[in-house]
Amino acid sequence: MFYEYVAIGVVLFVIGGLGVVFNRSNIIIMLMSIELMLLAISFLFLINSVVADDLIGQIFAIMIVTVAAAESAIGLAVLVAYYRARGTIIVRSLNLLRGKIF
Amino acid sequence: MYILVLLIPLLSAIISGFWGRKTGTGVLTSSCISITAIISGWIFYETALNGSSTYLKLWGWLDSELFTTDFGLQFDSLTSTMLILITTVSALVHIYSTGYMSDDPHIPRFMSYLSLFTFLMIVLVTSDNYIQLFIGWEGVGLCSYLLINFWLTRIKANKAAMKAMLINRVGDIGLLLAMFLIIREFGTLEYSTISSLLDFVDRKNLTVICLLLFLGAVGKSAQLSLHTWLPDAMEGPTPVSALIHAATMVTAGVFLIIKSGPLFEGSFLVLTVVTFIGALTAFFAATTGAAQNDLKKVIAYSTCSQLGYMVMVCGVSNYSISLFHLLNHGFFKALLFLSAGSVIHAVNGEQDMRKMGGLIRSIPFTYTMVLIGSLSLIGFPYLTGFYSKDLILEVTYGKYYIVFAYWLGSFSALLTAFYSVRLIYLTFITNTNTNRVVFRGVDESSLSITFPLLLLSFGSIFVGYLVKETMLFNTIYPVISSYIKITPFVLSLLGMLLGFIVFSRTEGVYNKFEGHRVLYGFFNSAWQFNYILNNFFVNYIWKFGHLITYRIIDRGVLEIIGPRGAAQLLIRSTQRVSNLQSGTVFNYVLIMIVFTSLFIFGNNAGL
């Protein structure tokens with residue numbers, strides 16, 4: 001009955017993933033994309049809990065929202081600390097740890 | 001008694017080698033080897049004269065169920081004859097060396113090597129199987145290396161010693177292969193078993209075995225094509241040359257042929273090859289000896305020539321004559337070498353005959369000794385060489401199918417006479433070419449040098465007459481006309497006469513020959529054998545070794561598929577893999593996503 005919403009969740013997830021992959025300039029967009037992916041997943045959990053008539057999905061969704069909040073808080077803290085150290089938050093410049101030997 | 005003949009030289013070598021500095025080795029080693037000589041005289045009396053061969057099994061050497069070899073000694077008439085020769089000449093060489101080498105600081109080492117040489121030669125002749133013979137065979141090779149290289153600071157001595165060792169090694173490989181084949185064919189290496197199994201063996205394999213054995217003999221006895229080490233071995237001190245060329249090392253090859261006589265009898269082809277090579281060697285060395293200017297090299301080439309005679313007569317199945325000549329040759333060649341050493345000693349180490357001359361008044365004793373030795377070598381009637389040398393040529397003529405060996409041998413007899421006279425003339429008779437200071441200082445050597453010469457001169461005069469009945473009791477003399485019988489003798493007289501005429505009356509003739517660069521150069525450089533071997537064999541093998549096996553295979557192909565190639569491959573691929581980690585976050589995410597989805601799809605597909 002609510003299956004058509006699954007597609008929305010998946011599309012949102014893919015958009016979030018693509019946002020992480022194709023984003024080369026701004027690290028905040030990256031964080032926002034991660035948030036989007038988490039939201040898409042909790043949306044899918046909700047859909048599925050409704051479809052399956054089961055509460056566990058909703059419990060999971062609430063936990064994911066909590067985790068996402070914590071994660072974005074820590075992520076933004078790291079971001080601020082990083083900005084203090086480097087003075088820039090362009091993703092392309094985040095390449096100090098390379099695997100290249102020379 | 002019988003084991004003592006092995007033990008005493010070994011003890012002598014060990015004592016003078018390890019404790020020579022404290023004990024003073026000259027008297028010790030000389031007396032040890034002299035005692036050995038006396039013992040071997042007793043052995044000769046018991047085994048050869050009384051005809052009681054002795055076999056001693058000492059201990060098991062190899063035991064692998066199918067193939068057993070004992071360390072055993074065998075004393076028969078052949079062995080005891082060789083023993084007499086080896087120990088007598090060696091004892092005299094030892095005594096001689098105490099005088100000749102008295103100025104040398106390393107005399108304990110020298111005496112130790114000499115005794116070790118004698119010991120290993122005795123091991124060689126007394127063995128009752130091929131393995132033990134091989135120990136002696138390699139051992140005398142090693143000792144020849146040590147002795148030729150005795151003055152080890154001289155680069156020429158180093159090179160000559162290496163050459164001797166390596167060329168001998170070519171022959172040794174023949175002997176080794178022959179031994180393997182003998183094990184395959186006969187299942188044993190003992191002479192007695194082999195000779196009793198001869199009728200049950202395939203002739204073709206026997207031919208191969210004999211050819212390989214002969215290759216060994218060619219290397220050791222300096223026959224044509226592997227002879228080049230022998231003249232170079234003159235770089236050692238003169239007593240060494242006397243020991244190597246008269247009694248011990250070079251006779252080992254002939255001894256091997258004589259010992260393997262029953263095997264050689266089974267193969268007609270090999271006998272022909274043996275005669276052919278022997279005759280060619282005799283001829284080649286005689287022509288070369290006539291054009292040498294080094295006193296010792298003349299005698300070295302004459303050794304080569306006489307060994308050719310011995311091998312030649314083995315090829316016509318007269319082994320006892322070969323042994324007889326070996327014995328006689330041992331005595332007069334040792335005499336010649338030691339007197340040459342005496343001459344060299346007298347003229348302060350000068351070896352070039354062109355820078356000698358006129359020594360007859362200053363050292364008449366040495367002159368007499370050289371004369372006796374040379375006349376014996378020429379085969380002058382009633383001297384030692386006469387009894388064996390002319391017999392060899394007669395016997396060779398008796399085999400009609402290889403009569404060319406007779407003519408080659410006879411012509412070599414002429415040349416032998418010629419270069420012997422040349423040697424005597426240039427060294428003793430002509431006007432002197434020596435430096436005045438040296439010439440006034442020329443004097444007979446001390447007693448320790450002259451005494452062995454005296455004994456050897458007795459040997460060179462009498463041995464042939466005394467031993468001929470015991471050695472040749474089973475020889476069948478060929479029926480040939482007296483013209484043929486007398487031809488070699490006439491030819492040698494002619495050679496002597498030629499030598500006298502050329503050097504006393506018409507000196508210009510030989511000088512003109514010496515001036516002829518192509519002809520004289522050809523003979524003086526021993527038919528260019530060194531050049532041929534170096535250019536067509538050694539050089540190619542050398543280059544092959546460096547370019548192909550070393551550079552291309554060892555350092556090339558094997559390195560690339562081996563350690564270096566694997567290392568480079570690993571380094572490159574790991575670099576490629578680590579280049580995947582670009583340091584940028586979006587790449588990591590892409591990789592993560594790609595591989596996660598691959599993992600999921602793979603799981604779904606059941607991979």
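A residue counts as buried when its relative accessible area is under 20%, as exposed when that area is over 50%, and as partly exposed in between. The structure to which these words are applied here is a predicted model.

Gly219(B) is a plain case, because its relative accessible area of 0% puts it among the buried residues. Gly219(B) belongs to helix H8 of chain B, which covers residues 203-220. Leaving aside residues up to four places away in sequence, Gly219(B) touches Asn168(B), Gly171(B), Leu226(B) and Trp229(B). Leu133(B) is 86 residues from Gly219(B) in sequence, and the two C-alpha atoms are 15 Å apart in space.

Beyond the residues up to four places away in sequence, Ser374(B) touches Leu336(B), Ser420(B) and Ile424(B).

Chain B contains 26 helices and two strands. Its C-alpha trace spans about 110 × 60 × 55 Å along the principal axes. Of the contacts in chain B that join residues at least 6 apart in sequence, 80% are between residues at least 24 apart. The accessible surface of chain B is about 26200 Å², and carbon and sulfur atoms account for 68% of it.

An unreviewed UniProt entry assigns residues 127-416 of chain B to the feature "domain: NADH:quinone oxidoreductase/Mrp antiporter transmembrane". In the model this span is 76% helix and 0% strand, and its end C-alpha atoms lie 35 Å apart.

Charged side chains come next. Side chains of opposite charge can pair when their charged atoms come close. Over all chains, the count is 12 salt bridges. In one of them, Glu138(B) meets Arg169(B) with an N to O distance of 2.8 Å. Glu138(B) is in helix H5 (residues 130-148) of chain B and Arg169(B) is in helix H6 (residues 155-186) of chain B, so this pair ties together parts that are 31 residues apart in sequence. Arg169(B) has a relative accessible area of 32% and is therefore partly exposed.

Asp352(B) and Arg354(B) form another salt bridge, with the closest N and O atoms 3.0 Å apart. Are the two partners buried or exposed, or do they fall in between? Asp352(B), at 17% relative accessibility, is buried, whereas Arg354(B), at 43%, is partly exposed.

For the salt bridge between Glu469(B) and Lys468(B), the closest N and O atoms are 3.8 Å apart. A salt bridge requires a distance within 4 Å, so the pair qualifies at 3.8 Å. Glu469(B) is exposed because its relative accessible area is 56%, while Lys468(B) is partly exposed at 22%. Salt bridges also link Lys57(B), Asp128(B) and Glu190(B) in a network.

The surface of chain B also has a nonpolar part. Phe544(B), Leu547(B), Ile548(B), Ile552(B), Ile553(B), Val557(B), Leu558(B), Ile560(B) and Ile561(B) make a nonpolar surface patch of about 830 Å². Phe544(B) lies in helix H24 of chain B, residues 529-561. With a relative accessibility of 46%, Phe544(B) is partly exposed.

Chain A is the partner of chain B in the interface described here. For chain A, an unreviewed UniProt entry lists residues 6-22, 27-47 and 59-83 as "transmembrane region". Residues 6-22 of chain A are 100% helix and 0% strand, with end C-alpha atoms 24 Å apart. Residues 59-83 of chain A are likewise 100% helix and 0% strand, and their end C-alpha atoms lie 36 Å apart.

The area buried between chain B and chain A is about 1100 Å², with 67% of it from carbon and sulfur atoms. On the side of chain B, Gln575(B), Val585(B) and Phe586(B) supply 43% of the area buried against chain A, more than any other three residues. Between chain B and chain A there are zero salt bridges.

Technical notes:
Residues are numbered from 1 along each chain as its sequence is written. Chains are lettered from A and ligands numbered from 1 in the order in which they are written. This is a predicted model: local features need pLDDT of at least 70, side-chain atom pairs count only at pLDDT 80 or more; totals for chains, interfaces and linings use all residues. Side-chain values use heavy atoms; hydrogens and water are left out. Patches are made of residues with over 30% relative accessible area and no salt bridge: like charges are joined within 9 Å, nonpolar side chains (Val, Leu, Ile, Met, Phe, Trp, Tyr) within 5 Å. Accessible areas come from the Shrake-Rupley method with a 1.4 Å probe; for residues, only the protein chains shown count as cover. A salt bridge is a side-chain nitrogen of Lys or Arg within 4 Å of a carboxyl oxygen of Asp or Glu. Helices (H or I, at least four residues) and strands (E, at least two) are DSSP runs, numbered from the N terminus. Buried means under 20% relative accessible area, exposed over 50%, partly exposed in between (1.4 Å probe, protein chains only). UniProt positions are given in the numbering used here, feature names are shortened, and annotations may be inferred rather than shown by experiment. Contact means heavy atoms within 4.5 Å. Buried area is the accessible area (1.4 Å probe) that two parts lose on being put together, summed over both.
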